[in-house]
Amino acid sequence: DILCIMNIKKMTDEIEQYLSTHTGTERTKKAYRIAYQRLRGVTERNLSDISENEILASIKKLSSNLNTQASYVNIAKCVRMYNGLSILEIEKHRIRLKQKLVKKRNQGDESKLDGLATPRELQSFLNDLYLEEKWRDYIINYLLINYSVRNKDIDCMIVTSTMDTKTHDNFLVVRKKDVSYVRKNYKTSGIYGDLKITITSSKFRNAVEKYVLNLEEDKENFFPLLMKGNGDRIGEDSLFLYITNKTLNNMTESDICKVNVASIDREGDLNKLQMLSHTRGTSIQTLIGSYHLQSFNF
């Protein structure tokens, strides 16, 4: 036990010594701590005590997502530079990652739909957001990836009682065991009326709770999911830029829906298509025509 405590202290010392010289914000420092601790959990030794190749091998084990790998490479580079150690292999790998990311964004991959991400990559990105405790980004991407909703649907108020959902708005109602996703203000509300989805994911509920707890201002039990740094709610004309800045490779909500629809088309799963039709608030016929689906002929 004593040895374990000493190792934890040594680990804390290494990252804290570096961060004491870092001029970034507390939010940036927190992200660096999380990245370091996760990487250190795999290496089981301080980054200054092992080789660059061991560090790079550990990074690959941690995540297949290129953006997440880049964040681990960055903290490894910073800590080793601070300790006056070689970063030659790490820097080479950092450059290779950057080239892959540029290629992915500009040219795409032939195995992907129009250069977009695969469903697996979207889920990997979502999992990484949760591990990095980026609660708001996780909530936004969870709704986009799992329900193929539009930007306007993401503009929600977070409340703790259905009694607070009487206004013409969208809500995330945090209940004891789940979250009720209530949409009143969305593109096709005139056709489908109010839409309600019960989200039973414990990770999603935890993310919503943590997001509210981390807010500095008391909003009298009404917490906007999308807000500016000063606490003001994001305007509707700013939703597109605000949301795409938080998605994988700046994908739009339409891009994500396209990936989901194409996956369903490949599987030929009518039940999944019906579910997506319901959650997005779009008819099956519209989905088939707009996305040129091949597996469904009515």
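Arg 205 is buried at 16% relative accessibility (buried means under 20% relative accessible area, exposed over 50%, and partly exposed in between, with a 1.4 Å probe and protein chains only). Its salt-bridge partner is Glu 209, with the closest N and O atoms 3.2 Å apart; a salt bridge is a side-chain nitrogen of Lys or Arg within 4 Å of a carboxyl oxygen of Asp or Glu. Glu 209 is partly exposed, with a relative accessible area of 33%. Both residues belong to helix 10 (residues 202–214), where they are 4 residues apart, about one turn of the helix. Helices (H or I, at least four residues) and strands (E, at least two) are DSSP runs, numbered from the N terminus.

The model is predicted, and local features need pLDDT of at least 70, side-chain atom pairs count only at pLDDT 80 or more, and totals for chains, interfaces and linings use all residues. Residues are numbered from 1 along each chain as its sequence is written, and side-chain values use heavy atoms, with hydrogens and water left out.

The count of salt bridges comes to 17. One of them joins the side chains of Lys 152 and Glu 236 (3.9 Å, N to O). This pair links distant parts of the chain, 84 residues apart: Lys 152 in helix 8 (residues 151–154) and Glu 236 in the loop between strand 5 (223–224) and helix 11. Lys 152 is partly exposed at 27% relative accessibility, whereas Glu 236 is exposed at 54%. A salt bridge also connects the side chains of Asp 155 and Arg 233 (3.1 Å, N to O). Here the partners are 78 residues apart, Asp 155 lying in the loop between helix 8 and strand 1 (156–159) and Arg 233 in the loop between strand 5 and helix 11. Asp 155 is buried, with a relative accessible area of 13%, and Arg 233 is partly exposed at 30%.

Aromatic pairs number 8, a pair being rings of Phe, Tyr and Trp (its six-membered ring) whose centres lie within 6.5 Å; planes under 30 degrees apart count as stacked, over 60 as edge-to-face and the rest as tilted. Tyr 18 and Tyr 32 form a stacked pair, 6.5 Å centre to centre with 25° between the planes. Tyr 18 lies in helix 1 (residues 2–19) and Tyr 32 in helix 2 (residues 26–43), so the pair ties together parts that are 14 residues apart in sequence. Tyr 18 is buried at 10% relative accessibility, as is Tyr 32 at 17%. Ring pairs also link Tyr 130, Trp 135, Tyr 138, Tyr 142, Tyr 147, Tyr 181 and Phe 204 into a cluster. Within this group, the charged end of Lys 203 sits over the ring of Tyr 130, 4.8 Å from its centre (NZ of Lys or CZ of Arg within 6 Å of the ring centre and within 35 degrees of the ring normal).

Just after helix 4, Gly 84 takes a positive phi of about 70°.
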